[in-house]
Amino acid sequence: MSVLITNVGELVTNQPGPFAAVADAALVIDAGRVAWTGPAARAPAADQMIEAGGRAVLPGFVDSHAHLVFAGERGAEFAARMAGQPYQAGGIRSTVAATRGAADEQLRANLRRLAAEMLAQGTTTFECKSGYGLTVRDEARSVALAAEVTPEVTYLGAHVIPPEFEPDPGGYVDLVCGAMLDACAPHARWVDVFCERGAFGRDEAAAVLAAGTAAGLQPRVHANQLGTGPGVQLATAVGAASADHCTYLDEADVDALASSATVATLLPGVEFSTRHPYPDARRLLDAGATVALATDCNPGSCFTSSMPFCIALAVREMHMTTQEAVWAATAGGARALRRTDVGHLGVGARADLVMLDAPSHAYLAYRPGVPLVAAVWQGGERVARSSL
Ligand SMILES: [Zn+2]
């Protein structure tokens, strides 16, 4: 059954490539795909008609970086940080302990609650990492649970060295590249590593990515979050889909991102939640790098599932234009996941749409913190709505 959504105040299509929008537009969806877009006055007939009343319609958000398989929470750690204590990567270990102790059902319930929260805020595609199990059994069940809710599953056994391997970090890297990888690869599409002081160095990270690639996974890297380091150079050298964080970059890092297909994925919710300086998005954009925005939703350094919030931060705090931020949260995220079927509303794209209770995409930053998502379609099915 075809559906015509008409009287759309602003239809963001991101076609043919950069941010693009049509005013007074309409869109037809059929068999789960976008079948037609153009001026409302020229819209073809369809089996069903939805009156948008001048509201904006955007591609569903593509959140290319999230850690949703975990147990426990770290609200007290956040409060302490806001009271002046610094964030350290080792805080991950408290979530590891809680995750190891949780039943599958508990992990599944938390994961599904967060996935539903994302969908209600317009995220129709999301990536989900393991990385709070750090044993063969716990990493394997983490990726298996993630695969229940998204095809974009990332094996992140190399998130942090677990306490029992502190005297033998090399032994842990061997495990990540060996038995743990064998158990996780069947459920995952991506391999990721936290390449950072206090986590994994360049050689260890390179070994993890090489082993994952040999097992059929595609690489992505947590890079340059807490300081300058080898993460971005490693990501571009191995042809990673994305280098994520990019908070501390030198000139060579910016050049490497601008001259490669590796997407620079910025996670401004982390800097908001840790009071760290924001990444220099303008420097990356002006150099010609491809920039994506994602939430990094996780219980430690950034517990938001909201792409609209990240868009508002990107505009206000990273000096991105509203167009750049919305593109980065849709088409940029799709590029970071090497997906061509989402992140835009060209004919043939998956009919993943967000309708805002607002006349333009700019309201996502203009009215921060306001629930503007009026309706969401995923694969042509209306899946969430708040006010429409
Ligand atoms: Zn992360």
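**Helices and their contacts**

Analyst: Let's start with Ala329, which is found in helix 13 (residues 322-336). Keep in mind that this is a predicted model.

User: Is Ala329 buried or exposed?

Analyst: Buried. Its relative accessible area is 0%, and the cut-off for buried is under 20%.

User: What does Ala329 touch, leaving out residues up to four places away in sequence?

Analyst: Ala329 touches Phe61, Val62, Leu293, Met307 and Ile311. Also, its C-alpha lies 8.7 Å from that of Pro308, 21 residues apart along the chain.

User: Which residues of helix 12 are buried?

Analyst: In helix 12 (residues 307-318), they are Met307, Pro308, Cys310, Ile311, Ala312, Leu313, Ala314 and Met318.

User: What caps the N-terminal end of helix 12?

Analyst: Ser306. One of its side-chain oxygens is 3.0 Å from the backbone nitrogen of Phe309.

User: And what follows helix 12?

Analyst: His319, with a positive phi near 60 degrees.

User: New topic. At what angle do helix 5 and helix 7 pack?

Analyst: About 15 degrees, with the axes 9 Å apart. Angles under 35 degrees count as roughly parallel, so helix 5 and helix 7 are roughly parallel to each other.

User: Is the crossing of helix 5 and helix 7 left-handed or right-handed?

Analyst: Right-handed.

User: Which residues meet there?

Analyst: From helix 5, Pro169, Val173, Val176 and Cys177; from helix 7, Glu204, Ala207, Val208 and Ala211.

Conventions
Residues numbered from 1 in each chain as written. Predicted model: local features only at pLDDT ≥ 70, side-chain atom pairs only at ≥ 80, totals over all residues. Heavy atoms only, no water. Axes fitted to C-alpha atoms, helices over the stretch in contact; angles between N-to-C directions. Helix = DSSP H or I, 4+ residues; strand = E, 2+ residues; numbered from the N terminus. Parallel < 35°, antiparallel > 145°, perpendicular 65-115°, else oblique. Left-handed = near helix turned anticlockwise from the far one by under 90°. Contact = heavy atoms within 4.5 Å. Buried < 20%, exposed > 50% of the residue type's maximum accessible area, 1.4 Å probe, protein only. Polar contact = N/O pair within 3.5 Å; in protein donor to acceptor, adjacent residues only side chain to side chain.
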